[in-house]
Structures are given as C-alpha cells and as structure tokens.
Amino acid sequence: MARDLGATGVMVTPSKEPTPLSDDTLVEYFRFIGDTVKGFPIVLQDHPASTQVFMSPDLIARIVSQVDSIACVKFESVPTPSRIPMLRKKLPEHVSILTGLGALYGGFDLAQKSDGFMTGFAFPEVLLEMVRAQAQGNEELVRQLYRHFLMLIVFEQQPGLAVRKEIYRLRGLISNARVRHPGAQLSPEGKKLLDGVIAATLPGVNLGEPISRDIL
C-alpha cells in the first residue's frame, strides 16, 4: 500500500516481545519483510532505547547479507562513534550508515565515517553543511559547526517533542507548538531557556528563513 501511494522505501525496526528475540528470529523477521516488499528499499533501524531489542554489529551484518533490499542502517545504538567503525567493516559499500538521536553525537559520528543523518533536529541545513564538509575532507569545519550548535542540539534532545515543536513554530513551519496528550508541554521557564539558547547560537538571525551558509 505504501508503495502504491508513492513511498520509495520503508524503515523497519524490530519490536519488543514478551520473550527475548533470538538472533535467528531477528534474521527471519527481516528476511520475511524483505521477501514481502521485494525490490523496495529497506532502512534497518537499530534503536534499542525504544525497542529494547539489542543487535550487535555482527547480527546487523548478518541480516544485511541475507536481505538484499536493505540499503541503509539507521544506527542509534550508543555509543555510536565507537561502534560505527565495527559496523562499517562488516557492511557492503553500497549500504549506508545514518545516525539519529537528534545529532547528539553528530560530529563524532561523521569523524568515524558515517554517511549522514536521519534525525529530527530543527535546523537540518546545519546537518547538511556538516555532511558536505565531511565529504570535502574539511574536518575542522565539521568540528566548528558541531561546537557552535551543540548547546542547541543538546537542549532540543530533552525527552518529548515540546522543544522541537516550539522551534518549528518559531521557524514558521507549524502554527501551534502544543504537544498531543499525554505529552508534556514546554513550560514558561523552558521557553525562556530555549529563547536564550537560540539567541546565543543564532543572534539576530531570522529563523523563518533557511540558515545561510554565510552564517554557518
């Protein structure tokens, strides 16, 4: 159905079960999905914090080797920087590694040769510039961008979506930052802190416009 509606790929992550899943069961799970959506690119998501399913680099590589449709691994199993090289050595070159977690470890991930990001940071143009700089071999620029925006990245990564939605509102992407129940709303004190972080990171910048390369 998703493909019929125009989707060009699907992200798949295993879910927590009453009894722990064996490696063989996980391989079969992804193989079944690959056979069901044959020819449809799959992103394998590894996010044990939400799934309580822990997949080693060896297991991920085994799954990828048996499911031809897997084109990418969204790698969110901390510590990502030290685990990326282990996974990279075991994957075919055509399978990319993207990291998420709000780009919390983004500078370190790129230094370890991740291919980019798949995450919700409210300033995606910053992450794009980091990826471009890494691809050009400009590691110092990657570090500069990461350091400059790190306070905002960390602040946005608080549990829940309230901070990110407020930034989206400030950027003119949504009209209301209210979080659906039972999610927590951003408190007045939290809003004040966020405004301070933005002012320190992007003083005088119009958030309604893409952040220009000159500012970055």
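**View 1. Strands S3 and S4 pair in the parallel sense.** In this predicted model, S3 covers residues 70–75 and S4 covers residues 96–99. They are joined over 4 bridges. Two strands count as paired if DSSP finds at least two bridges between them. Lys74 has Leu98 in S4 as its bridge partner. Strands (E, at least two residues) and helices (H or I, at least four) are DSSP runs, numbered from the N terminus.

**View 2. The open sheet has 5 strands.** Their order is S1-S2-S3-S4-S5, with parallel pairing. S1 (10–12) and S5 (116–117) stand at the edges. Each has a single partner strand, so one side of each lacks a neighbour in the sheet.

**View 3. Helix H3 lies across S2 and S3.** H3 spans residues 57–66, and S2 spans 42–46. The helix runs at about 160° to S3. Angles run from 0 to 180 degrees between N-to-C directions, with axes fitted to C-alpha atoms, for helices over the stretch in contact (heavy atoms within 4.5 Å).

**View 4. His47 sits in the loop between S2 and helix H2 (48–51).** His47 is buried, with a relative accessible area of 17%. Buried means under 20%, exposed over 50%, and partly exposed in between (1.4 Å probe, protein chains only). Leaving aside neighbours within four places in sequence, His47 contacts Glu76 and Leu101.

**View 5. Phe108 belongs to helix H5 (residues 106–111).** Phe108 is partly exposed, at 48% relative accessible area.

**Notes.** Residues are numbered from 1 along each chain as its sequence is written. Local features need pLDDT of at least 70, side-chain atom pairs count only at pLDDT 80 or more, totals for chains, interfaces and linings use all residues, and side-chain values use heavy atoms, without hydrogens and water.
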